[in-house]
Amino acid sequence: MNRIALITGATSGIGKATAEAFANNGIDLILCGRRQEVLDELKVYFSEKVKVTTLTFDVRNQEDVSNAIASLPEEWKNIDILVNNAGNAHGLEPIQQGKIEDWDAMIDGNVKGLLYVSKAVMPTMVERQTGHIVNLSSVAGKQTYANGAVYCASKSAVEAISEGMRFDLTQYGIKITNIAPGAVETDFSLVRFKGDAERAKKVYEGFEPIQPEDVADAILYAINTPARVTIADIVLYAKAQAAPTVIYRK
Ligand code: 8X3
């Protein structure tokens, strides 16, 4: 029987690339996102390889998260792999100029959203004494940078939650993997800069950024190790990147 993975933020970027990598490895998919039409397209596309179902919710809405996951039919309930990928950056400015709505979006999505989804999935993993939770953190969670206080704080929280989950869930045979990517070329910067495509483009100019497929590859490695091995933490930098804000451009 195929393993079952639930992926949040599956409609684009790292989430979508992870879905592709999992489908190519015969892992059935529960694709979660906010855009129903994109989820429907992906369902058709991945169904050629594996079984696929979709759930439409915003991770920030606890009731929707809990209802959606509870609505899964019996054959989808035994989730083997949870990929907590949904998350975004909103704004890049000194903290005194930060916008409350941006702070709320980052804390609610990157931190509380991850908790809401995990809350709905962990009990069955504990009951079954097996499972693997992959949390998408960031190098921003390991090192704070100027103008990024709240985004970095939200990803620091993910780091702490990954560690905490490992303390609490290891005894139930559940593996926790924390993945911290650096500069990945997705719509991350477009969202951070609120649709300013010019500014977003500049982030990835003059060097070769990580591609979503590279992160998916790391996730695939982590979930395919022998049962005796837990990959606790993976940090990925672009080759030209030495720290979150140190990138050697040509
Ligand atoms: C995204 C990576 O370095 O832009 O999480 O914060 S960075």
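## Basis and conventions

Axes are lines fitted to C-alpha atoms, for helices over the stretch in contact, and angles run from 0 to 180 degrees between N-to-C directions. Helices (H or I, at least four residues) and strands (E, at least two) are DSSP runs, numbered from the N terminus.

This is a predicted model: local features need pLDDT of at least 70, side-chain atom pairs count only at pLDDT 80 or more, and totals for chains, interfaces and linings use all residues. Residues are numbered from 1 along each chain as its sequence is written, and side-chain values use heavy atoms, with hydrogens and water left out.

## Helix α1 and its two partners

Two packed helices are described by the angle between their axes and the distance between the axes. The axes of α1 and helix α2 (residues 36–46) come within 11 Å. They cross at roughly 20°. α1 and α2 are therefore roughly parallel (angles under 35 degrees; over 145 is roughly antiparallel, 65 to 115 roughly perpendicular, the rest oblique). On the α1 side, the contact (heavy atoms within 4.5 Å) uses Lys 16, Ala 19, Glu 20 and Ala 23. On the α2 side stand Leu 42, Tyr 45 and Phe 46. By class, this contact has 5 nonpolar residues (Ala, Val, Leu, Ile, Met, Phe, Trp, Tyr, Cys and Pro), 2 charged ones (Asp, Glu, Lys and Arg count here) and no polar ones (the others, Gly among them).

Helix α1 (residues 13–24) also packs with helix α8 (residues 212–223). Here the angle is about 50° and the axes are 8 Å apart. That pair is therefore oblique. The crossing of α1 and α8 is right-handed. α1 contributes Gly 13, Ile 14, Ala 17, Thr 18, Ala 21 and Phe 22. α8 contributes Pro 212, Glu 213, Val 215, Ala 216, Ile 219, Leu 220 and Ile 223. The classes are 10 nonpolar, 2 polar and 1 charged.

## The α4–α5 pair

α4 and helix α5 (residues 149–169) pack at about 15°, axes 9 Å apart. That makes α4 roughly parallel to α5. Their crossing is right-handed. Residues of α4 in the contact include Trp 103, Met 106, Ile 107 and Asn 110. Those of α5 include Val 150, Tyr 151, Ser 154 and Lys 155. The contact residues divide into 15 nonpolar, 3 polar and 1 charged.

## Loop residues

Arg 34 sits in the loop between β2 (28–33) and α2. At 53% relative accessibility, Arg 34 counts as exposed (over 50%; buried is under 20%, partly exposed in between, with a 1.4 Å probe and protein chains only). Not counting residues up to four places away in sequence, Arg 34 touches Thr 56, Phe 57, Asp 58, Arg 60 and Asn 88. Arg 34 and Ala 242 are 208 residues apart in sequence and 34 Å apart in space, C-alpha to C-alpha.

Two non-glycine residues have positive phi values. Gln 129 has phi near 60°. Gln 129 lies in the loop between α4 (100–128) and β5 (131–136). With a relative accessible area of 47%, Gln 129 is partly exposed. Lys 194 has phi near 55°. Lys 194 belongs to the loop between α6 (188–192) and α7 (197–203).

## Cysteines

The structure holds 0 disulfides (pairs of cysteine sulfur atoms within 2.5 Å). Cys 32 counts as buried at 1% relative accessibility. Cys 152 counts as buried at 1% relative accessibility.

Definitions and conventions
Left-handed = near helix turned anticlockwise from the far one by under 90°.
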